[in-house]
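Please read them with the coordinates open.

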Amino acid sequence: MAAVGRVAWSFSTPSCLLRTRHGISGTLSAVCKAQVIQPGYRSWNPVLRLSSFSGLSLSRRSKRVLKPSSTGDWLRRYISAVITDRSQKSTEEAIRENIPKRVVGNVYHSFQLVQEEYIPDIDSVIRKYVHTNTGAQLMSILNNEENKTFGVVFRTPPSNSRGTPHILEHSVLCGSRKYPVKEPFVELMKSSLNTFLNAFTFPDKTCYPVASCNLKDFYNLVDVYLDAVFYPNLTPDVLKQEGHHFELFEQDAPITIQGVVYNEMKGVFSNPDSVIGSWSQRCLFPENTYGVESGGDPQEIPDLSWREFQDFYRQLYHPSNTRFWFYGDDPEDMRLQKLEEYLKDFKKLSVDSKVKLQSRWKQPKYFTFGYDAGNDNLEKKHMATVNWMLADVTDDPTKILALSVLDHLLTGTSASPLRKTLTDSGLGEEVIGSGIETDLRQITYSIGLKGMAKEGCESLEKLVVDTLNKLSKDGFSQGEIESSLNTIEFMLKEQNTGSFPKGLALMLRSLTTWLHDSDPLIPLKFEIPLQQLKEILQKDRTYLNRLIEEHFILNTHRAYVSLVPDPEFATKQAEKEMKRIEDFRQTLDKDGIQQLIEETKRLKEKQIRPDDPAQLAKIPALKKSDIDQKAPVIPRQVTSLEETTVLLTPLFTNGIVYFDMAMNIRQLPAHLLSYVPLFGECLLELGTRKEDFVSLQQRIGRETGGIRHSIYCSQMDVPNHVGGYGPAVAEFIIRGKVMSNKTPLLFDILRDVLFDIDFSNKERFRQILIEEKSGVESSIGPSGHRVAASRLNAQYTSSGWADEQMGGISYLKFLSDLVHRLDSEWDSIHSDLETLRSYLVSRSHMTVQVTTDERTFESSVRPSLSHLLQQIPKDVQAQPATSWEQTHQLDQHKRNEGIIVPSTVNYVGKGANLFQLGYQPDGTSLLAMKYLGISYLWERIRVQGGAYGAFGKVDLRTGQLVFLSYRDPHVKKTLDTYDQAAVFLSQAQLSSDEIERCIIGVIGDMDSYQLPDAKGFTNLIRYLSGVTQERLQERRDQVLSCTHHDLVQFGSVLQNVASSGSIVAVGSEQALQQANSQGLDLKLFRATEQ
């Protein structure tokens, strides 16, 4: 569950083991099936950010890169390359054949149809209904999409920063009238095939979305969520658990403040990026709801009373304040009947929840706040943003789209003029800010820098305004405009939301206007405003110039927000918390102290008390008979082209070619390994000998849908291999996508960046290096769980070690050293980069994967791919050397580490390798860890311990098992809980029904919903790792046949993990020292001083 917006987007059950370059400060739920969307406590523009490739968001550095056209009338040539094959796609007629006919104005199941329209942009029939008794609104989206989505949305503008909407979002999922158990949400996690199951809180709304491809499962989820939001079992105990409460176990023990959201938001506000994001928004809106923190400020959360909490629910969680969303191929009558089942007992209520407009300022305003940046090297840890309030989000859609295009032109890539100016200035290390934010009632824009000296803060605003002023006069080149337009058009038409359900992305997009009582269909139509914008730009070359002048230069509603590193900040915050606790303690006499102790124990006992089996049985669940016993098959054709292995994933892709080129990095010498991520950055960011990086990026943006790189590390899957896992798998992968008729242009670009990249450009390399270092360093605190997992894995497998060298604390040390060596050892560094290229660019170490239909592959891909491969040397050009895999020796003496970061919460990990413990992990291991995560760990560490999340994961290929906690107030207590998991599992009395529920959940994880590009990439990874269809079926059979005895037996395995596993904890120095004083033996070091 989440607080979402520029400041907060967190999720209920973090599954934080996903491998991403520079981790994210929020996390995705374990039940989100590895979403690619980045919830990093910053704003998200659902209108545009629909691609799994880093796109229009101002994240640290866009991997999507773009170049200007040289001659000719560019708009005449600028015709969308998106090919719509109507023989394979759903047409309006095909959709209408499968849906009931409706007449606007008529009433169906108590819902009056008020609007109907077919929108070809999303290939759907849209029907808007209003419930006759309550006024509840429904958007019914009808199409042939199997991944069905439902959402119930309340407009919930808070008036203070006590976190009421956020805590309520957690609380309504803690039992309801129909399902009176402690955590129906968790029970659904156990036994559902959902493709999305979560909830999140925005600055002005709260959303409860679910998605599933299984019709029965889908309506099970819908029913539980409807009962939760309209009939929750809200009690003071729920508020204590999810929000805040004072806790005391013994007379002489210290009183503490605990609560899931309280600790979650302490974690959020330990992240400087979240802090400046929060203030950037709040300072712009002192008069309305956006001026407070909807997720909750930890300093204010304890002020939330039960009465205020209860009143907020009663006033806003009513059907008259509700917007429902259905999307997909489920029968429309089922939708209406299910909603009427819940709405029939309500009457219309007048609800005042509209977001009031912020009045405009007559002059800019300036704000300065302190923050915790640790105690070392504070001189260059200032950060600041320049922020504007722009137009009304319900304004002309063409204008809104134009502002989004302008946003991309200004900062969408590292070559964009505003972003490049900030980078070139040397004032700071990394560009920050959310860019354009269209999810608020009034659109905002934010841009800034981090890693600045005090003097940089004083110069930033003038630099930004002067740059915009110059652009308002000089404008953009035709190539720049063409490149940005193509990028946005490709993204909008592809609608690639990764594993994030498309229906949910469209719901969030529709809500940008719908929430504010404007037409919800407008944001779903992009073809008309896109064409109108093209026509405007063709006739008026100064249109964008005037947008800059109107919305930036002449716009005096501007807030300059700076964060100043304060070495005493953490101490001051801790003192405030202690004062609150002491003031409370002063109100207690001896009897009051005893009553608090008893109340604490009562709450803990209630939290661990098992639910009534009869009530648990009411939670709707699938049976094994409802799921396919066979593992899904992704089609794959393996061929050879120019002596290179080529995989084809033959799927319909609507005219898009998805391309992956994997280069084996196992053969690299150890001293080159940490260069690999930087090498990937340089390929797309450095420029070639023929064109600078600005031209290169614009060229990529004009001709393709994006290019990026990734790194994959694991072990080969070798069944019954002596000693456990097989050899390491380590691959550097270049990924691109392009319209089929432009495939040769993609391959031309790849040839240029592979052979002609200009590694001699020292100053540009310096910029890339400093930004990379800043990105890695800033990710460590908010992604401490990833850091812990990475450090643990590095101790046990060669692939884990390599992965940490390319993305963990060791990588940060490498980057820091490289910064210091850059000037004195440039020739050596330059030589290393050239040597690395000569190792990588070889057909002998290359595997290619293409996802498209067979006809497109033969006609558009094969010829140009063959031409590209012919130009790549067959053998490695570099001199043979001993590889890192041959030279690296795993340390036989495992380490316990405590990594110090500026944070008020901790991230605690413990792990071991099951192969090295003599155990062969299989499907039973998956089931056992799933059960532990959604029962024992959830209850002990989250519900009782107050952490935001805890989970366990086992990798069947590497044998690595890890326990991790997230935003955790404890260290030693959490480790004790991990160690006691063995006893819990050995003594667990699970019924056959409960085991079956867990089986369904694991199968749901295995069968994650994937779009064609993801299926192609999965094909590649399976091929490189030696995972066969037979192996997948074997794992599935193991899960399906798992018994209670199997789970109990796994408890003995966990006992070995408890006794011999390694520990890595990430947290404050005080928390880690306290853990050592309690008997741990953690080697303490600062993340930046390994």
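This is a predicted model: local features need pLDDT of at least 70, side-chain atom pairs count only at pLDDT 80 or more; totals for chains, interfaces and linings use all residues.

1. The largest core. The largest nonpolar core holds 87 residues. Phe732, Phe765 and Leu865 have the most contacts inside it. Phenylalanine 765 shows how such a residue is surrounded. Sequence neighbours within four places aside, Phe765 is in contact with Leu678, Cys682 and Leu686, and also with Leu818, Leu822, Trp826, Ile829 and Leu833. A second core is separate and has 86 residues. Tyr129, Tyr208, Tyr262 and Leu316 are among its members. As background, nonpolar side chains tend to be buried together in soluble globular proteins.

2. Helices H14 and H23. H14 spans residues 478-494 and H23 spans 693-703. Their axes come within 7 Å and cross at roughly 45°. The crossing is left-handed. On the H14 side, the contact uses Gly479, Glu480, Glu482, Ser483, Asn486 and Thr487. On the H23 side, Gln697, Gln698, Gly701, Arg702 and Glu703 take part. By class, this contact has seven polar residues, four charged and no nonpolar ones.

3. Helices H3 and H9. What angle do H3 and H9 pack at? The value is about 75°, with the axes 10 Å apart. H3 covers residues 164-171, and H9 covers 306-316. That angle makes H3 roughly perpendicular to H9. Thr164, Pro165, Ile167, Leu168 and Ser171 of H3 meet Glu308, Phe309, Phe312 and Tyr313 of H9. The residues of this contact divide into six nonpolar, two polar and one charged.

4. Helix H27. Is this helix, residues 798-805, enclosed or open? Eight of its eight residues are buried, so H27 is largely enclosed by the rest of the structure. The buried set is Ser798, Ser799, Gly800, Trp801, Ala802, Asp803, Glu804 and Gln805. Several elements cover these residues. Helices among them are H21 (670-673), H26 (784-794), H28 (809-821) and H31 (884-887). Strands S20 (706-715) and S21 (728-739) are also included in the cover.

5. Leucine 193. This residue sits in the loop between helix H4 (184-191) and strand S6 (196-197). Leu193 is buried, because its relative accessible area of 18% is under the 20% cut-off. Which residues does Leu193 touch, beyond those up to four places away in sequence? They are Ser212, Asn214, Asp217, Leu622, Ile627, Ile1000, Ile1003 and Gly1004. The C-alpha atoms of Leu193 and Ala211 are separated by 9.0 Å, and the two residues are 18 apart along the chain.

6. Serine 864. Helix H30 (residues 854-870) contains Ser864. Its relative accessible area is 12%, so Ser864 is buried. Ser864 touches Thr743, Pro744 and Phe747, leaving out residues up to four places away in sequence. Leu746 is 118 residues away from Ser864 in sequence. The C-alpha to C-alpha distance of that pair is 9.4 Å.

7. Glutamate 643 and threonine 644. Glu643 lies in the loop between strand S17 (637-641) and S18. Thr644 belongs to S18, residues 644-650. Is Glu643 buried or exposed? Glu643 counts as exposed, at 54% relative accessibility. Thr644 counts as buried, at 1%. With residues up to four places away not counted, Thr644 touches Thr639, Arg843, Met846, Val848 and Leu869. The backbone of Glu643 deserves a look. Its phi is positive, about 60°, although Glu643 is not a glycine.

8. Histidine 109. His109 also has a positive phi, near 50°, and is a residue other than glycine. Most residues other than glycine have a negative phi. His109 lies in the loop between strand S1 (107-108) and strand S2 (111-119). At 33% relative accessibility, His109 counts as partly exposed.

Terms used:
Residues are numbered from 1 along each chain as its sequence is written. Side-chain values use heavy atoms; hydrogens and water are left out. Axes are lines fitted to C-alpha atoms, for helices over the stretch in contact, and angles run from 0 to 180 degrees between N-to-C directions. Helices (H or I, at least four residues) and strands (E, at least two) are DSSP runs, numbered from the N terminus. A crossing is left-handed if the near helix is turned anticlockwise from the far one by less than a right angle, and right-handed if clockwise. Contact means heavy atoms within 4.5 Å. Ala, Val, Leu, Ile, Met, Phe, Trp, Tyr, Cys and Pro count as nonpolar, Asp, Glu, Lys and Arg as charged, and the others, Gly among them, as polar. A nonpolar core is a set of buried Ala, Val, Leu, Ile, Met, Phe, Trp, Tyr and Cys residues joined through side-chain atoms within 4.5 Å. Buried means under 20% relative accessible area, exposed over 50%, partly exposed in between (1.4 Å probe, protein chains only). Angles under 35 degrees count as roughly parallel, over 145 as roughly antiparallel, 65 to 115 as roughly perpendicular and the rest as oblique.
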